[in-house]
Amino acid sequence: FLLSTALAGNIVEELTAAGATTLVDLVVKAGLADTLTGPGPFTVVAPDNEAFAKLPAELLATLSGDVELLKKVLLFHVVPGMAVMKKDIANNMVVPFPDADSLHIVNVYLKSKFYDGFVTVNGKLMKKYDITADNGVIHILSDVVYPFPSATIAQLVAADDRFSTLLAAVVAAGLADTLASEGPFTVFAPTNEAFAKIPKDALDGLLADTEALKKVLLRHVLPGALFKKGISWDTHSTAGGEEEDMIATQVFKGDVIKVVSSVGGTRKGARVVAADIIATNGVIHAIDTVI
């Protein structure tokens, strides 16, 4: 590491050499070039040019026209005071960004003794790791980390019309505080349409039976943040805690993700209809069936 930093340029020079020229142009525009050529150390998660090209044109225009917002978005990709190499990254690391009143949830997926695994930041994939600079380290990202997560899972569920039945169920089961707690965790959140598939009498009976309701809901919650990029063919223990509360995730062609439960010999499958709704304490994936 010492030898490579002796020969390395500063963060801005190394970003340019790595081809992240859109990011460098925006850093200059936001007046942050002096900061990132300063002593550091910094860890920069740097969206590549393709990442910026993927942003909606109107968002790019807004960022270009609003220097303060641009600065805030760019600084959301810079961790000051430390140079974090890939080997230092642990699954479910939470990195606070007090100035944005937000955070990064950093995950390492599929790591084993045979494979190094891969890293995501708020669900965005790290494509290249450990580009050393003389004032820090750069990791290249496939996407811009935006918007800033600012609400808990409980707040997101409460504010989203798709989840009004789920919200009523969470409140009835006394789980609202759980979904507002630190986490991180993952919620496979049935939409109103998912609950509407349950016959009315059965649903009313479930909503009236707190323990049964709690058991069903906790089966939809996984400890740790499992973003879409990290979902594979796998089985997962859930907050339900019992072996029969385990669920399976399945990934198919055409961006299809399914989650399956098997309780008392009854198998239920749901499809993810909206992935990576990100919260400050984890991530929500909306599903079309209660499992």
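A residue is called buried under 20% relative accessible area, exposed over 50%, and partly exposed in between (1.4 Å probe, protein chains only). The structure is a predicted model, in which local features need pLDDT of at least 70 and side-chain atom pairs count only at pLDDT 80 or more, while totals for chains, interfaces and linings use all residues. Residues are numbered from 1 along each chain as its sequence is written, and side-chain values use heavy atoms, with hydrogens and water left out.

The secondary structure of the chain consists of 13 helices and 14 strands; these are DSSP runs numbered from the N terminus, with at least four residues (H or I) for a helix and at least two (E) for a strand. Of the 291 residues, 49% are buried. The C-alpha atoms fill a box of roughly 70 × 45 × 35 Å along the principal axes.

Strand β1 (residues 42-47) runs antiparallel to β2 and is joined to it by 3 bridges, and phenylalanine 42 has proline 80 in β2 as its bridge partner.

Another open sheet has 7 strands in the order β9-β8-β14-β13-β12-β11-β10, again with mixed pairing. Because β9 (221-223) and β10 (234-236) stand at the edges with a single partner strand each, one side of each is left without a neighbour in the sheet. The antiparallel pairing of β10 with β11 (residues 247-252) covers 3 bridges. Strands β12 (residues 256-263) and β13 (residues 266-279) are antiparallel over 6 bridges. In their hairpin, which has 2 residues between the strands, glycine 264 takes a positive phi near 55°. Strand β13 also pairs with β14 (residues 282-287), antiparallel over 5 bridges.

The whole structure contains 10 salt bridges, each being a side-chain nitrogen of Lys or Arg within 4 Å of a carboxyl oxygen of Asp or Glu. One of them joins lysine 54 and aspartate 143 (3.2 Å, N to O). Lysine 54 lies in helix α5 (residues 49-54) and aspartate 143 in the loop between β7 (136-141) and α8 (153-159), so the pair ties together parts that are 89 residues apart in sequence. Lysine 54 is exposed, at 52% relative accessible area, whereas aspartate 143 is buried, at 18%.

Lysine 215 and aspartate 245 also meet in a salt bridge (3.2 Å, N to O). The lysine belongs to helix α13 (residues 210-218) and the aspartate to the loop between β10 and β11, so parts 30 residues apart in sequence are tied together. Lysine 215 is partly exposed, at 31%, and aspartate 245 is buried, at 0%. Both residues belong to a network of salt bridges that links Lys215, Arg219, Glu244 and Asp245.

Key: Pairing = 2+ DSSP bridges.
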